[in-house]
Amino acid sequence: MSSALRLEGVRIAYEGARGLHTAVDNFSMTLEAGRIGCLLGPSGCGKTTVLRAIAGFEPVRAGAIFLGELPLSSPTTHVPPEQRRVGMMFQEYALFPHLNATQNVGFGLRRLAREERDAKVAAMLALVGLQDAGERYPHELSGGQQQRIALARALAPAPALLLLDEPFSNLDSGTRERLTTEVREILKAAGQTAVLVTHNEAEAHAMADRIGVMHNGRLARWSGQAERA
Ligand code: ADP
Ligand code: MG
């Protein structure tokens, strides 16, 4: 199977008062199309930093990031975020409170003709099991429902790669467990290649085909339950 995402020897550093501080170093991983990869590690180990670099919000100081055969980032290449076909579902990206579920899901589809957009939104709401919730506003939805709408919004523009940054951490543990399984099924049904980051080991094992353990900005192990369907 072809690799959808490849990172090769990536270094990411932040500018600080005393010069550059390396947050992620010598980071390499590959993920095949349709697979769900997970970066697992404690707070501060660099998980969000890796996702931000994949999304194009942080430059790469060494190494390279490829989506399929296409170079996205290197010290001499930087495809802008909006041209990467990388979608994101971040915990802190709440839904737009003044838009209902249909409008939230349709947000990234504003360039489509009305009919096409409505059909796509309906399909996305059905995919996340909320086909009857289109008229509801975020405050009328439970936390788990809100995250499913956020997932529908992230999937709607058909990104080549979806990034999920601790998407379940604001939820109670029951909702979290249920949603972890549901989200895996939704991503698999959509054939979506995705990278999840979490500090929760149970969540990583429930969601992912491959798990990488991160420690101090490095990937200690990138292993495969690669054969898992
Ligand atoms: P995680 O997501 O695993 O909790 P982060 O990627 O957020 O970790 O952070 C990794 C390291 O980079 C930490 O030491 C953090 O303090 C540092 N860091 C993250 N964001 C910035 C930033 N915008 N400026 C400077 N340092 C940062
Ligand atoms: Mg983080």
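Trainee: In which strand does phenylalanine 66 lie?
Mentor: This is a predicted model. Look for phenylalanine 66 within residues 62–67. That run is strand S4.

Trainee: Is phenylalanine 66 buried or exposed?
Mentor: Its relative accessibility is 16%. Buried means under 20%. Therefore phenylalanine 66 counts as buried.

Trainee: Which residues are in contact with phenylalanine 66, leaving aside neighbours within four places in sequence?
Mentor: Pro71 and Leu72 are among them.

Trainee: How many Å apart in space are phenylalanine 66 and cysteine 45?
Mentor: In sequence, 21 residues separate phenylalanine 66 from cysteine 45. In space, C-alpha to C-alpha, the distance is 22 Å.

Trainee: Which residue has its side chain joined to that of arginine 6 by a polar contact?
Mentor: Arginine 6 is in strand S1, residues 3–16. Its contacts beyond four places in sequence include Met29, Thr30 and Phe66. The polar contact between side chains spans 2.2 Å, and the partner is glutamate 8.

Trainee: What is the phi of asparagine 26?
Mentor: Asparagine 26 lies in strand S2, residues 19–32. Most residues other than glycine have a negative phi. Asparagine 26 is not a glycine, yet its phi is positive, at about 50 degrees.

Trainee: Is alanine 158 buried, partly exposed or exposed?
Mentor: Alanine 158 sits in the loop between helix H4 (143–155) and strand S8 (161–165). Its phi is positive too, about 55 degrees. Alanine 158 has 39%, so it is partly exposed.

Notes: Residues are numbered from 1 along each chain as its sequence is written. Chains are lettered from A and ligands numbered from 1 in the order in which they are written. This is a predicted model: local features need pLDDT of at least 70, side-chain atom pairs count only at pLDDT 80 or more; totals for chains, interfaces and linings use all residues. Side-chain values use heavy atoms; hydrogens and water are left out. Helices (H or I, at least four residues) and strands (E, at least two) are DSSP runs, numbered from the N terminus. A polar contact is a pair of N or O atoms within 3.5 Å; within protein, one must be able to donate a hydrogen and the other to accept it, and residues adjacent in sequence count only if both atoms are side-chain atoms. Contact means heavy atoms within 4.5 Å. Buried means under 20% relative accessible area, exposed over 50%, partly exposed in between (1.4 Å probe, protein chains only).
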